[in-house]
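Please look through the structure shown here before reading on.

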Amino acid sequence: MDTSSKSTTFSSRSGISRTGLEARLVARPKGLPAPGDFEITEVAVPNPASGQVLVRNLFMSLDPGMLMLIAGESGLPMPRYEVGEVMYGDAIGEVVASADSSLGEGDLVMHRLGWREYAVAQAGLFRRIDRDAYPTPSTYLGFGLVAYVGLMDAAELRPGDSVFVSSAAGATGSMAGQIARLKGAARVIGSASPARYAGSGTSVSFYPAGSPWRM
């Protein structure tokens with residue numbers, strides 16, 4: 001998700017100089033989430049204290065696993081989203097103010113503070129990334145590189161191989177199936193176990209000959 005909204009600036013003796021938008025979960029959906037389950041809130045954004053940086057987000061990740069976090073389901077090794085709170089997740093942003101020597105204004109960083117226009121936190125929570133490594137910084141938020149390295153370097157995929165992908169409906173698994181096929185795998189099988197398949201032991205074929213892959 002590309003964020004392009006502009007904050008409202010104002011003056012204050014308290015040190016607050018801008019406002020920003022945050023996306024919060026306001027209701028636990030039954031089934032797929034709807035717009036009414038979320039709220040966009042404008043909040044005051046403080047200047048960074050000593051050891052902190054202020055980052056304006058440019059891109060935010062939207063992952064399949066977020067559906068489980070929104071629903072409050074267990075099964076993922078991370079906390080669920082709580083009603084009334086900002087949804088966390090990977091984001092790319094630019095440092096606009098710094099009170100720590102490890103990061104400077106203009107640095108491009110990655111973090112997990114998620115769905116907000118501005119993030120203010122300790123500098124150690126942000127990782128500097130190379131602005132010129134990819135055609136767009138949003139590439140850092142994708143799972144294609146993880147899938148590619150797993151297949152080509154770890155598994156040493158060769159043309160003609162048969163490939164089995166577990167969690168094939170997830171962010172990494174769905175990319176792995178496509179990459180395996182493009183790299184010449186003769187057969188790519190994916191398994192998925194969302195709630196609607198529970199107990200069925202369903203295994204499905206990626207990219208059957210002459211047709212797109214399906215779950």
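This is a predicted model: local features need pLDDT of at least 70, side-chain atom pairs count only at pLDDT 80 or more; totals for chains, interfaces and linings use all residues.

Residues are numbered from 1 along each chain as its sequence is written, and side-chain values use heavy atoms, with hydrogens and water left out.

The chain has three helices and ten strands. Helices here are DSSP runs of H or I with at least four residues, strands are runs of E with at least two, and both are numbered from the N terminus. Read from that end, the order is β-β-β-α-β-β-β-β-α-β-α-β-β.

Of the 215 residues in the chain, 37% are buried, a term for under 20% relative accessible area, with exposed for over 50% and partly exposed for values in between (1.4 Å probe, protein chains only). The accessible surface is about 12,100 Å², and carbon and sulfur atoms account for 55% of it; the area comes from the Shrake-Rupley method with a 1.4 Å probe. Contact means heavy atoms within 4.5 Å. Among contacts between residues at least 6 apart in sequence, 60% join residues at least 24 apart.

Two packed helices are described by the angle between their axes and the distance between the axes. Helix α2, residues 144–154, packs against helix α3, residues 171–182, at an angle of about 55°, and their axes are 8 Å apart. The axes are lines fitted to C-alpha atoms over the stretch in contact, and angles run from 0 to 180 degrees between N-to-C directions. The angle therefore makes α2 oblique to α3, since under 35 degrees counts as roughly parallel, over 145 as roughly antiparallel, 65 to 115 as roughly perpendicular and the rest as oblique. The crossing of α2 and α3 is right-handed, meaning that the near helix is turned clockwise from the far one by less than a right angle.

Which residues in α2 and α3 meet? From α2 come G144, V146, A147, Y148 and L151, and from α3 come T172, M175, A176, I179 and A180. By class, eight residues in this contact are nonpolar, two are polar and none is charged. Nonpolar covers Ala, Val, Leu, Ile, Met, Phe, Trp, Tyr, Cys and Pro, charged covers Asp, Glu, Lys and Arg, and the others, Gly among them, are polar.

E156 lies in the loop between α2 and β8 (162–165). Although not a glycine, E156 has a positive phi of about 55°, and at 46% relative accessibility it counts as partly exposed. S167, in the loop between β8 and α3, is not a glycine either and has a positive phi of about 50°. With a relative accessible area of 52%, S167 is exposed.
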